[in-house]
Amino acid sequence: MNGLNTILIVLGLFLAGGVYSFQKQKMPKSVIILLALGSVMCLAAGVLRIQGIWE
């Protein structure tokens, strides 16, 4: 596991926390959806890099 994997996973978790926070604050749905998509992409990229599927 290298630094980029860690950064991608931490960023994905940070964005996931933002989704929860924005939803509680009743932010616009478009902002929540964009944040959720960013979170999923970062987490997926980090996990795929750990598994060695995507380099």
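This is a predicted model: local features need pLDDT of at least 70, side-chain atom pairs count only at pLDDT 80 or more; totals for chains, interfaces and linings use all residues.
Leaving aside neighbours within four places in sequence, N5 is in contact with G46, R49 and I50.

## S39 on helix α2

S39 is placed in helix α2. Its relative accessibility is 5%, and S39 is therefore classed as buried. Apart from neighbours within four places in sequence, S39 is in contact with G12, L15 and A16.

L15 can be read from its own side as well. Not counting residues up to four places away in sequence, L15 touches L35, G38, S39 and C42.

## The nonpolar core

Two of these partners of L15, namely L35 and C42, also belong with L15 to the largest nonpolar core. This core has 5 residues in all: L15, V19, I32, L35 and C42. Two elements, α1 (residues 3-24) and α2, each give two or more residues to the core. The largest share, 3 residues, comes from α2.

As background, nonpolar side chains in soluble globular proteins tend to be buried together.

## The loop between the helices

K26 sits in the loop between α1 and α2. The phi angle of K26 is near 60°, a positive value in a residue other than glycine. Most residues other than glycine have a negative phi.

Is K26 buried or exposed? K26 has a relative accessible area of 72%, so it is exposed; the label applies to values over 50%.

## A nonpolar patch on the surface

I33, L34 and L37 form a nonpolar patch on the surface. Together, these residues have about 320 Å² of accessible area.

L34, one of the patch residues, is found in helix α2, which covers residues 29-51. L34 is exposed because its relative accessible area is 62%, and the cut-off for exposed is over 50%.

## The annotated region

The UniProt record, an unreviewed entry, lists residues 31-50 as "transmembrane region". In the model, the chain over residues 31-50 is 100% helix and 0% strand.

Methods
Residues are numbered from 1 along each chain as its sequence is written. Side-chain values use heavy atoms; hydrogens and water are left out. Patches are made of residues with over 30% relative accessible area and no salt bridge: like charges are joined within 9 Å, nonpolar side chains (Val, Leu, Ile, Met, Phe, Trp, Tyr) within 5 Å. Accessible areas come from the Shrake-Rupley method with a 1.4 Å probe; for residues, only the protein chains shown count as cover. A salt bridge is a side-chain nitrogen of Lys or Arg within 4 Å of a carboxyl oxygen of Asp or Glu. Helices (H or I, at least four residues) and strands (E, at least two) are DSSP runs, numbered from the N terminus. Buried means under 20% relative accessible area, exposed over 50%, partly exposed in between (1.4 Å probe, protein chains only). UniProt positions are given in the numbering used here, feature names are shortened, and annotations may be inferred rather than shown by experiment. A nonpolar core is a set of buried Ala, Val, Leu, Ile, Met, Phe, Trp, Tyr and Cys residues joined through side-chain atoms within 4.5 Å. Contact means heavy atoms within 4.5 Å.
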